[in-house]
Amino acid sequence: MRQDMGHNRSARGLQGVVFTRDDRAGEGKLSSRLGLVTEAVEVTDGMDLYAHLVAELSGGGRADYVIVDEAQFLAPEQVDQLARIVDDLGMDVLAFGITTDFRTKLFPGSQRLIELADRVETLQVEAMCWCGARATHNARTVDGEMVVEGAQVVVGDVNRPAEEIGYEVLCRRHHRCRMTSATAHAGALSPDVLPVNHA
């Protein structure tokens with residue numbers, strides 16, 4: 001979706017600046033689940049996004065719009081800088097990210113985006129829980145087991161081996177029960193816990 005928006009704008013002759021932070025493809029990369037990778041400006045702690053863009057423009061660069069991926073990892077003051085880009089430079093800023101962490105708590109960057117955004121939209125790509133219900137929560141997994149403690153930001157992927165840190169989207173019910181696809185499958189293979197009497 002993010003790369004589609006950039007492509008659509010570049011096809012109309014527009015040029016953009018893409019910011020990202022902690023993308024699974026590595027520093028300075030914007031990746032998609034389809035394997036597409038685009039160069040991006042890696043946002044670091046304390047980086048002033050407004051000043052970075054002004055320096056680019058002052059140095060002869062061109063920017064008609066800004067795309068920000070993994071926006072949940074921005075500091076609240078960096079989100080304020082994005083609002084300043086919109087208000088003072090008259091550019092569109094499209095920010096993409098998730099709202100809550102694996103504990104269902106708002107990321108500080110996401111909270112500030114919700115507070116300042118001109119418009120908040122839920123993408124129409126609907127994620128599905130392993131049970132088939134709409135997935136609304138992110139679960140962090142280690143060895144296929146859901147964990148609910150640890151640092152708020154740990155970069156992982158949905159396509160990692162089970163013994164590594166990964167993430168899985170779940171419906172609220174299975175997030176509350178801490179039931180991932182791996183633990184649900186193990187539970188389905190376990191023997192009955194109640195005796196079954198045959199007549």
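What is the relative accessible area of Arg 84, and does that make this residue buried or exposed, or something in between?

Analyst: First, some ground rules: this is a predicted model, where local features need pLDDT of at least 70 and side-chain atom pairs count only at pLDDT 80 or more, while totals for chains, interfaces and linings use all residues. Residues are numbered from 1 along each chain as its sequence is written, and side-chain values use heavy atoms, with hydrogens and water left out.

Now to your question: Arg 84 has a relative accessible area of 42% and is partly exposed. (Buried means under 20%, exposed over 50% and partly exposed in between, using a 1.4 Å probe and protein chains only.) Its partner in a salt bridge is Asp 88, at 3.0 Å from N to O. A salt bridge here is a side-chain nitrogen of Lys or Arg within 4 Å of a carboxyl oxygen of Asp or Glu. Side chains of opposite charge can pair when their charged atoms come close. Asp 88 is also partly exposed, at 48% relative accessibility. Both residues sit in helix α3, four residues apart, or about one turn of the helix. (Helices are DSSP runs of H or I with at least four residues, strands are runs of E with at least two, and both are numbered from the N terminus.) There's a network to spot too: salt bridges with shared partners join Asp 80, Arg 112 and Glu 115.

How many salt bridges turn up in the whole structure? The search finds seven. One of them links Asp 45 and Arg 21, with the closest N and O atoms 2.4 Å apart. Asp 45 is in the loop between β4 and α2 and Arg 21 in the loop between β1 and β2 (29-31), so this pair ties together parts 24 residues apart in sequence. Asp 45 is exposed at 63%, whereas Arg 21 is buried at 13%. Another salt bridge joins Arg 62 to Asp 64, with 2.8 Å between the closest N and O atoms. Arg 62 is partly exposed at 43%, and Asp 64 is partly exposed at 28%.

(A nonpolar core is a set of buried Ala, Val, Leu, Ile, Met, Phe, Trp, Tyr and Cys residues joined through side-chain atoms within 4.5 Å.) Take Leu 49: leaving aside neighbours within four places in sequence, its contacts include Phe 19, Leu 74, Leu 82 and Ile 85. Contact means heavy atoms within 4.5 Å.

Finally, look at the strands. Four of them make an open sheet in the order β4-β1-β5-β6, with parallel pairing. The edge strands, β4 (41-42) and β6 (92-95), each pair on one side only. β5 and β6 pair over four bridges in the parallel sense, and Val 66 stands opposite Val 93 in β6. Two strands count as paired if DSSP finds at least two bridges between them.
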